[in-house]
Amino acid sequence: MTGGIQLNQFGKRFYQDALKLTETLASSKKEIQTLLDPDSGIITLGFTHTLGFSFVPRCLKAFRNLYPKNQFHFHESRTDELLEQVQSGELDIGLAVTKPQDPAFSSFPVATENMVVLFSKDYTQKKTFKLTDITNATFFHFNRGTPTRGLIDQFLLQNGLVLSSSIDGLEIASILGLVEANLGIAIVPESVASSLASVYTYPIPLERTVYAIYKNQSFLTDASKRFLTFLQNIK
């Protein structure tokens with residue numbers, strides 16, 4: 001058999017009913033936790049890989065200083081998986097660099113990040129680097145279909161930059177390691193570069209926006225509401 005298992009109409013109906021029951025159970029658990037101790041509570045937070053290096057830790061440190069009784073459960077994933085988990089109720093809030101178009105979600109911008117060209121301190125062209133040098137270097141690229149990859153592709157196209165050598169399908173940790181080893185260059189969020197000591201950055205006119213995402217018409221604990229309010233007021 002070459003194909004995967006396909007659900008018939010009864011299986012699809014059962015799946016939808018099971019999904020609704022899962023959402024109801026998750027919502028009931030959150031309501032009970034809030035009634036037991038409204039000043040504390042657990043926030044289930046998801047975020048995409050590039051936000052875990054600097055942006056999310058900074059946010060959480062500032063939030064915990066204000067609300068030390070609140071606890072977090074974390075999940076790091078790709079944007080499409082994150083949205084599915086917010087939809088199902090597994091996550092209260094997601095942080096990603098895309099604004100969902102599905103009316104089932106609410107979202108708001110939290111911050112804007114600059115993007116930079118990243119290269120090792122051993123990179124031979126660092127003193128005379130120009131944007132056009134991207135076309136002659138080995139370029140490390142994010143996975144296709146991710147929002148950050150889309151932004152970078154659009155930037156390269158708009159500036160007439162055609163890559164002569166690129167390695168696709170990488171996550172941020174691999175990209176940083178390869179650049180640190182002086183095996184090529186990349187375009188990354190400036191926040192991830194700040195954690196590295198052996199690299200240089202070159203500023204470019206490209207930004208990405210971080211959004212907080214949550215599901216419409218779902219129960220949110222007081223802790224989750226506090227965190228959303230905190231995110232709305234980040235400077």
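# Reading side-chain contacts

Guide: At 30% relative accessibility, Asp-153 counts as partly exposed. The model is predicted. Let us start from this residue.

Visitor: Which side chain does Asp-153 meet in a salt bridge?

Guide: Look for a Lys or Arg nitrogen within 4 Å of a carboxyl oxygen. Here the partner is Arg-149, with 2.9 Å from N to O. That lies within the cut-off, so the pair counts.

Visitor: Where do Arg-149 and Asp-153 lie along the helix?

Guide: Both are in helix H4, residues 147–158. They are four residues apart, which means a separation of about one helical turn.

Visitor: Is Arg-149 buried or exposed?

Guide: Buried, at 3% relative accessibility.

Visitor: What does Arg-78 pair with?

Guide: Asp-80, in a salt bridge of 3.7 Å from N to O. Asp-80 is partly exposed, with a relative accessible area of 43%. Arg-78 is partly exposed too, at 27%.

Visitor: Now the rings. What describes a pair of aromatic rings?

Guide: Two values do: the distance of the centres and the angle of the planes. This structure holds 13 aromatic pairs. In one of them, Phe-63 and Phe-227 have ring centres 5.0 Å apart and planes at 80 degrees, so the pair is edge-to-face.

Visitor: Which parts of the chain does that pair tie together?

Guide: Phe-63 lies in helix H2, residues 55–66, and Phe-227 in helix H7, residues 222–232. The parts tied together are 164 residues apart in sequence. Both Phe-63 and Phe-227 are buried.

Visitor: What form does the pair of Phe-63 and Phe-230 take?

Guide: Edge-to-face, with 5.4 Å centre to centre and 65 degrees between the planes. Planes over 60 degrees apart count as edge-to-face, so 65 degrees qualifies. This pair links distant parts of the chain: Phe-63 sits in helix H2 and Phe-230 in helix H7, 167 residues apart. Phe-230 is buried, as is Phe-63.

Visitor: Which residues do ring pairs link into a cluster?

Guide: Phe-63, Phe-227 and Phe-230 belong to it, together with Phe-47, Tyr-67, Phe-72 and Phe-74.

Visitor: Which charged end sits over the ring of Tyr-67?

Guide: That of Arg-226, 5.7 Å from the ring centre. Elsewhere, the charged end of Lys-121 sits over the ring of Tyr-200, 5.6 Å from its centre.

Visitor: Is Thr-50 buried or exposed?

Guide: Compare the value with the cut-off. Buried means under 20% relative accessible area. Thr-50 is at 7%, so it counts as buried.

Visitor: What does Thr-50 touch?

Guide: Leave out residues up to four places away in sequence. Then Thr-50 touches Phe-142, Ile-172, Pro-189, Val-192 and Arg-208.

Technical notes: Residues numbered from 1 in each chain as written. Predicted model: local features only at pLDDT ≥ 70, side-chain atom pairs only at ≥ 80, totals over all residues. Heavy atoms only, no water. Buried < 20%, exposed > 50% of the residue type's maximum accessible area, 1.4 Å probe, protein only. Helix = DSSP H or I, 4+ residues; strand = E, 2+ residues; numbered from the N terminus. Phe/Tyr/Trp six-rings, centres within 6.5 Å; stacked < 30°, edge-to-face > 60°. Lys NZ or Arg CZ within 6 Å of the ring centre and 35° of its normal. Contact = heavy atoms within 4.5 Å.
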